Amino acid sequence: MEKFFKLKENKTNFKTEFIAGLTTFMTMAYILFLNPDMLSKTGMDFNGVFIATAISAGVATIIMGLFAKYPFALAPGIGLSAYFTYTVCLKYGFKWQEALFIILLEGIIFILLSFFKIRETIFNSIPRDLKESISVGIGFFIALIGFNNAGIITGEGATILSLGKITQSSTLLAMLGIIITAVLVAKNVKGSILLGIIITTIIGIPMGVTKIPSDFTFFKIPSGLENVAFKVQLPSNILNASLMISIFTFLFVDMFDTVGTLAGVASKTNSLDKNGNLPRAGKALLSDAIGTTLGALLGTSTVTTFVESSAGVAAGGRTGLTSVITGCFFLISLFLSPLFLLVPSSATAPALIIVGIFMSTAVKKINWDDFTVAIPAFITIAAMPFTYSIAEGIVFGIISYTIVNIATGQHKKVSPLLYVLTFIFILRYMFLPL
């Protein structure tokens, strides 16, 4: 294990990697229940999607750990699941079996792009300062998710965002969890983020937030995969404009969500080389593509690299062993789903907020004295939480970087690929519905 993952070289050990893997799993375990709940609105079997989610996340994350050897975890992306449900199926009218075909096609295209190193080339074309800003933007993005999950911030008021009902028990528990986790982190307690989740969950029992069912059982044998697995179906009208838009949207959002997450999380592990590139990026992207293809066959939406991987990194995860452990917990969750269901969002929200702080420290690596860099970097950072999309943040950053440098006569700083990407992004906004 030491030789394979090079633990000492990465200044880590099995205990640290184990805690990091469990921490990553705990912060993203919500997808096990949120994903089937959302996809079931298309007519898919809830239990079947739950199993497909757990298996695809577990296998894809283990592949990432063993093949790419990075501490990145994968699972069906909730944003892409929402697009799958509310746009592709409920708006465009595709059957869920046909929507799975689109996901399968996306996965196959990504595998081909990975083999030809097209995705890796795109990743490497992004300037290092923008990669650092992606890390910061992701920090603000996941902190926003944490504040929202905690009930501290809501979008239901008269303004765009407003203060939530902070006196309700779930929000009080989350705020207490933030304090507990912050103290543990400040005292450099090993596994502080995971401990914060566990302690907050336990405190939530007498508060009535952590709910234990009367028929609670630790072990449960899953069933229902046969209702969704291998149900991929070719759309009846393959020339449908909605089909083309759906394929492009899945490809676009998944590609740049993944690129953004890899850049942001890798920045915090110091995995980027002196040129700002990620060694073995091709293997990481191929792992992601394989996960999407596997997920489609099993019966779930696009599998993508999760930004919550940063929680494990913040807990000390530095190698693929973290991912292997996270993946194993996803597979174990198939049989222990009642136990993981106990953890309320009020207990995981503090972890996301604290991790947002860790991610944001990359802001000091950006050259703020050069406005041809500072302006695109700031736009990237601000756009992610404001548009609620990592992909859109990257797009805004690339477009602004290209335009600002051309306008100031520094076009040599812009690589040929960035010109192409900028042109494609502008065409997308002009001609394709978002």
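Which residues is threonine 326 in contact with, leaving aside its neighbours within four places in sequence? In this predicted model, they are Gly21, Thr24, Phe25, Thr61 and Ala73.

**Threonine 326**
- Threonine 326 belongs to helix 14, which comprises residues 320–332.
- The relative accessible area of threonine 326 is 0%, and because buried means under 20%, this residue counts as buried.
- A polar atom of the threonine 326 side chain lies 2.8 Å from the backbone oxygen of glycine 21.
- Glycine 21 is also listed among the contacts of threonine 326.

**Helix 18**
- Helix 18 covers residues 390–407, and its 18 residues should span 26 Å at 1.5 Å a residue.
- The end C-alpha atoms of helix 18 are 26 Å apart, which agrees with that expectation.
- The N-terminal end of helix 18 is capped by serine 389, which has a side-chain oxygen 3.1 Å from the backbone nitrogen of glutamate 392.

**Cysteines**
- The structure contains zero disulfides.
- Cysteine 89 has a relative accessible area of 8% and is therefore buried.
- Cysteine 328 has a relative accessibility of 34%, so it counts as partly exposed.

How values were computed: Residues numbered from 1 in each chain as written. Predicted model: local features only at pLDDT ≥ 70, side-chain atom pairs only at ≥ 80, totals over all residues. Heavy atoms only, no water. Helix = DSSP H or I, 4+ residues; strand = E, 2+ residues; numbered from the N terminus. Buried < 20%, exposed > 50% of the residue type's maximum accessible area, 1.4 Å probe, protein only. Polar contact = N/O pair within 3.5 Å; in protein donor to acceptor, adjacent residues only side chain to side chain. Contact = heavy atoms within 4.5 Å. Expected span 1.5 Å × (residues − 1). Disulfide = S-S within 2.5 Å.
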